[in-house]
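Here is a short briefing to read with the model open beside you.

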Amino acid sequence: MKQLSEALARFVQQQDLYNAAHGLFQDHDIQPRTENLTDCWDNRIPISPELEYLYSHYELIDAKAAGTHKLKNAAVEIGDAAVLFFAAPEHLYRQQLGYRWITSGELVQESSSWPSHHVVIATFNDDPLIVDTSAPDSPVYAAIEGGAARQVAKSLANFFTALSILIEGACTFKGELIDDDTYETKAAYIEHVKPLLHHVLGENQTTYLLNYLSFC
């Protein structure tokens, strides 16, 4: 779990640096817990050791969700190009609706096609980010517009390391990643982060992660 611990610490550091300089949200992020918690997730959700570590040691903060029916999640900004929303562990069941569980009126049925060990931990533009809780190290997958899920990281640790690289790059570009003329991600940013991501993820996973985030 050392690799995941180091990856999460690096991620929070880069998140906080970005939010202090360019962030759009207040009290809507991922922070270390003051006391570790266990069983803070819905028991209908399978939790891998890596997800257990994440949710036990880190709080997903969403001040606007307090006292409401809003799905509690933390916002992770990557410049002005992308925002990922990570569901709080106590709301993981709700996050699975439409994926593992399908609703029809008041009826909720388990999907016959969705693997029960695939847990949606976050979304980008309503597209799911998925952890395979049955595999060692908790590989991470993403699905685009209802397509097949494809692996974007071999482990949860590698995924958070990749997020750190993307956020650190966004800081370098002062949060301005979108070209004002083309409305596409600046080529200079992609050239900056790609070799760093390749080192962690490899070429194929880097390509699909950037596609998932609509960077390419």
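Asp-180 sits in the loop that runs between α4 (156-172) and α5 (187-201). This is a predicted model, and in it Asp-180 is exposed, with a relative accessible area of 68%. Asp-180 also belongs to a negative surface patch, together with Asp-80, Glu-176 and Asp-181.

- The backbone of Tyr-183 has a positive phi of about 60 degrees, although the residue is not a glycine.
- Tyr-183 is exposed, at a relative accessible area of 66%.
- Asp-126 is another non-glycine residue with a positive phi, here about 70 degrees.
- You will find Asp-126 in the loop between β7 (118-124) and β8 (127-132), where it counts as exposed at 65% relative accessibility.
- For context, most residues other than glycine have a negative phi.

**Salt bridges**

- The model has five salt bridges in total, and three of them are worth a visit here.
- Glu-168 pairs with Arg-10, and their closest N and O atoms are 3.6 Å apart.
- That pair links distant parts of the chain, with Glu-168 in helix α4 and Arg-10 in helix α1 (residues 2-22), 158 residues apart.
- Both partners count as partly exposed: Glu-168 has 35% relative accessibility, and Arg-10 has 32%.
- Asp-62 and Lys-70 meet through their side chains in a salt bridge, at 2.4 Å from N to O.
- Within this pair, Asp-62 is buried, with a relative accessible area of 6%, whereas Lys-70 is partly exposed at 32%.
- Lys-72 and Glu-90 form a salt bridge too, with 3.1 Å between the closest N and O atoms.
- Lys-72 lies in the loop between β2 (58-60) and β3 (73-78) and Glu-90 in the loop between β4 (82-87) and α3, so this bridge ties together parts that are 18 residues apart in sequence.
- Lys-72 is buried, with a relative accessible area of 18%, while Glu-90 is partly exposed at 37%.

**Cysteines**

- How many disulfides does the structure hold? The number is zero.
- Cys-171 is in no disulfide, and the nearest cysteine sulfur, that of Cys-216, is 20 Å away.
- Cys-171 is partly exposed, with a relative accessible area of 22%.
- Cys-216, by contrast, is exposed, with a relative accessible area of 53%.

**Helix α3**

- Tyr-93 lies in helix α3, which covers residues 92-96.
- Is Tyr-93 buried or exposed? Tyr-93 is buried, with a relative accessible area of 16%.
- Tyr-93 and Arg-44 are 49 residues apart in sequence, yet 7.1 Å apart in space from C-alpha to C-alpha.

How values were computed: Residues are numbered from 1 along each chain as its sequence is written. This is a predicted model: local features need pLDDT of at least 70, side-chain atom pairs count only at pLDDT 80 or more; totals for chains, interfaces and linings use all residues. Side-chain values use heavy atoms; hydrogens and water are left out. Patches are made of residues with over 30% relative accessible area and no salt bridge: like charges are joined within 9 Å, nonpolar side chains (Val, Leu, Ile, Met, Phe, Trp, Tyr) within 5 Å. Accessible areas come from the Shrake-Rupley method with a 1.4 Å probe; for residues, only the protein chains shown count as cover. A salt bridge is a side-chain nitrogen of Lys or Arg within 4 Å of a carboxyl oxygen of Asp or Glu. Lys and Arg count as positive and Asp and Glu as negative; His and the chain ends are not counted. The place of a charge is taken as NZ of Lys, CZ of Arg, CG of Asp or CD of Glu. Helices (H or I, at least four residues) and strands (E, at least two) are DSSP runs, numbered from the N terminus. Buried means under 20% relative accessible area, exposed over 50%, partly exposed in between (1.4 Å probe, protein chains only). A disulfide is a pair of cysteine sulfur atoms within 2.5 Å.
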